[in-house]
Amino acid sequence: MAIGSGLGAQIGIAAETTYGTYTAPAKFIEFTKESLVLKKTTAQSAGIAAGRLLPLSSRRVVTRREAQGSLEMEVTNKGMGLLIQALMGTTVTPVQQGAGPAYLQTHTLASTAGKSLTIQKGVPLTTGTVTDKSFLGCKITSGEFSCEVGQMLTASFEVDARDCDESQPLAAASYSNMAPFHFGQMALKTGAYGSEAALDGIRKVSCKIERPQDVERFYANNAGLKAEPIENDQVKITGSIETDYVATTLDDLHTSDGATSLVWEFKGALIAATFYDTFRLTLPAIRLDEGPPTVDGFGVVKPSFNFVGLYDGTNQPKLELISTDIAL
């Protein structure tokens, strides 16, 4: 029996072979908050019958089902691969680095067609019995990452799902020995692609990657369930950089509307040789939309620059992970 509160909850995930077909979770992630819920559309018969004052309960029908919500968590050095793959789109096989236990995952921006997950959550009753809710056909529609002074690197994933199945067995949760990435490991670099230089004065960075999709593909012959969402707009990458005004590097880019490559990196514990636990986001071209410095008192000037990620014509954005995970 589990603890009869959120302390006994769990989230398990698995990549699906076929969209919307249950796959038993084999990977369990630590999370801080979730909001995955079934959404149903109902219709009530409104036929007039002499003397009937209320609609008949037996003539209410469910015309379609879907599920939506979000997952929030600290980004750790293990177990993140499936969620990142569903966000970025590339099919990834970790590549061994050197001859040791370090493996590199390179998640380059690509189409998310065929990338869906089963996400199973266990929700405890106060009795300690954990109920199963398995969300099928989960598509990641956005992912947002953020870190600031004194805090962990966090992630929030928005999810669209085909259905919620409550008939599956609850998988037994097991967890890897994970460590979170945090501000003390954070570096931010800008400059020419491949030769970016560290920026001083950075206090907070956030970046959101949105994968717009048509999530309204409800057709006849499908039992009120949707077909796999299809991308229906260009990817949107936005973010912000909060700073102390120690240099004019970002200010000058805002003024000139010049492009720069951005590398946002966290480097954790040594795995082996020269390879460390790593989370690295590379945006080959960003441009700053807002953020010129203003003085609003006696304190240090603290401009906050908003940016948009664009295509430099050659290199795609990518998210790289180095860990001991030999598989996603």
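Which residues do ring pairs link into a cluster? This is a predicted model. In it, the cluster consists of Phe145, Phe157, Phe181, Trp264, Phe266 and Phe279, joined by ring pairs.

**Aromatic pairs**

A search of the whole structure finds seven aromatic pairs. One of them joins phenylalanine 266 and phenylalanine 279: the ring centres are 6.1 Å apart and the planes stand at 70 degrees, so the pair is edge-to-face. The cut-off for that label is an angle over 60 degrees. This pair links distant parts of the chain. Phenylalanine 266 belongs to strand 18 (residues 260-272), and phenylalanine 279 to strand 19 (residues 275-290). The two residues are 13 residues apart. Both phenylalanine 266 and phenylalanine 279 are buried.

The charged end of arginine 64 sits over the ring of phenylalanine 218. The distance to the ring centre is 4.1 Å.

**Positive phi in the loops**

| Residue | Phi | Loop | Relative accessible area |
|---|---|---|---|
| Alanine 273 | about 50 degrees | between strand 18 and strand 19 | 66% |

Alanine 273 is not a glycine either, and its phi is positive.

**The cavity**

How many cavities of 30 Å³ or more does the structure hold? There is one. About 50 Å³ of space lies in the largest cavity. Its lining includes Thr76, Asn77, Lys78, Gly79 and Met80. Gln105, Phe181 and Thr278 also line the largest cavity, as do Leu321, Ile322, Ser323 and Asp325.

Which element gives the largest share of this lining? Strand 21 (residues 318-323) does, with three residues. By class, the lining has four nonpolar, six polar and two charged residues.

Terms used: Residues numbered from 1 in each chain as written. Predicted model: local features only at pLDDT ≥ 70, side-chain atom pairs only at ≥ 80, totals over all residues. Heavy atoms only, no water. Phe/Tyr/Trp six-rings, centres within 6.5 Å; stacked < 30°, edge-to-face > 60°. Helix = DSSP H or I, 4+ residues; strand = E, 2+ residues; numbered from the N terminus. Buried < 20%, exposed > 50% of the residue type's maximum accessible area, 1.4 Å probe, protein only. Lys NZ or Arg CZ within 6 Å of the ring centre and 35° of its normal. 1 Å grid on protein atoms, 1.4 Å probe; cavity = no way out; pocket = protein on both sides within 12 Å on 5 of 7 lines; lining within 4 Å. Points joined across faces, edges and corners; volume = space filled by probe spheres on them. Nonpolar A, V, L, I, M, F, W, Y, C, P; charged D, E, K, R; others polar.
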